[in-house]
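User: I should like to learn how to read the features of a protein model one at a time. Please give the general idea first and then the case at hand.

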Amino acid sequence: MPPIRKIFMWLVVIFVLYAILTSPTEAANIGSNIVNILKNGIENIFTFFDSLLGH
């Protein structure tokens, strides 16, 4: 049985490189949006627990 995880990771890497090389501006926008979503999610989790603890 082939290592599915390794094959999948290589496909993701190839796709990311393709996206960056063919449309660097769009790839940068997508990367920026992903970082902003993660940042907002982490901030919301901290806000939730802060409110839960009554601070």
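Predicted model: local features only at pLDDT ≥ 70, side-chain atom pairs only at ≥ 80, totals over all residues.

User: How many helices and strands does the protein have, and how is the length of a helix checked?

Analyst: The secondary structure amounts to 2 helices and 0 strands. The expected span of a helix is 1.5 Å times one less than its number of residues. Helix α2 covers residues 24–52; its 29 residues should span 42 Å, and its end C-alpha atoms are 42 Å apart, which agrees.

User: What does the radius of gyration say about the overall form?

Analyst: The radius of gyration is taken over C-alpha atoms, and the globule rule is 2.2 Å times the number of residues to the power 0.38. A compact globule of 55 residues would have a value near 10 Å, but this protein has 18 Å. Along the principal axes, its C-alpha atoms fill a box of roughly 50 × 35 × 5 Å.

User: What share of the residues counts as buried?

Analyst: Buried means under 20% relative accessible area, exposed over 50%, and partly exposed in between (1.4 Å probe, protein chains only). Of the 55 residues, 2% count as buried. Helix α1 is hardly covered, with 0 buried residues among its 19. In the segment before α1 lies Pro 3, which counts as exposed because its relative accessible area is 52%. Asp 50, found in helix α2, counts as partly exposed because its relative accessibility is 36%.

User: Which residues form a nonpolar patch on the surface?

Analyst: Patches are made of residues with over 30% relative accessible area and no salt bridge; like charges are joined within 9 Å, and nonpolar side chains (Val, Leu, Ile, Met, Phe, Trp, Tyr) within 5 Å. Accessible areas come from the Shrake-Rupley method with a 1.4 Å probe, and for residues only the protein chains shown count as cover. The patch here consists of Phe 8, Met 9, Val 12, Phe 15, Val 16, Tyr 18 and Ile 20, with about 720 Å² of accessible area together. Ile 20 lies in helix α1 (residues 4–22) and, at 42% relative accessibility, is partly exposed. The protein exposes about 5300 Å², of which carbon and sulfur atoms supply 74%.

User: How many salt bridges are counted, and where do the partners lie?

Analyst: Side chains of opposite charge can pair when their charged atoms come close. A salt bridge is a side-chain nitrogen of Lys or Arg within 4 Å of a carboxyl oxygen of Asp or Glu. The count is 1 salt bridge: Lys 39 pairs with Glu 43, the closest N and O atoms being 3.9 Å apart. Both residues lie in helix α2, 4 residues apart, about one turn of the helix. Lys 39 is partly exposed at 46% relative accessible area, and Glu 43 is partly exposed at 39%.

Note on methods:
Residues numbered from 1 in each chain as written. Heavy atoms only, no water.
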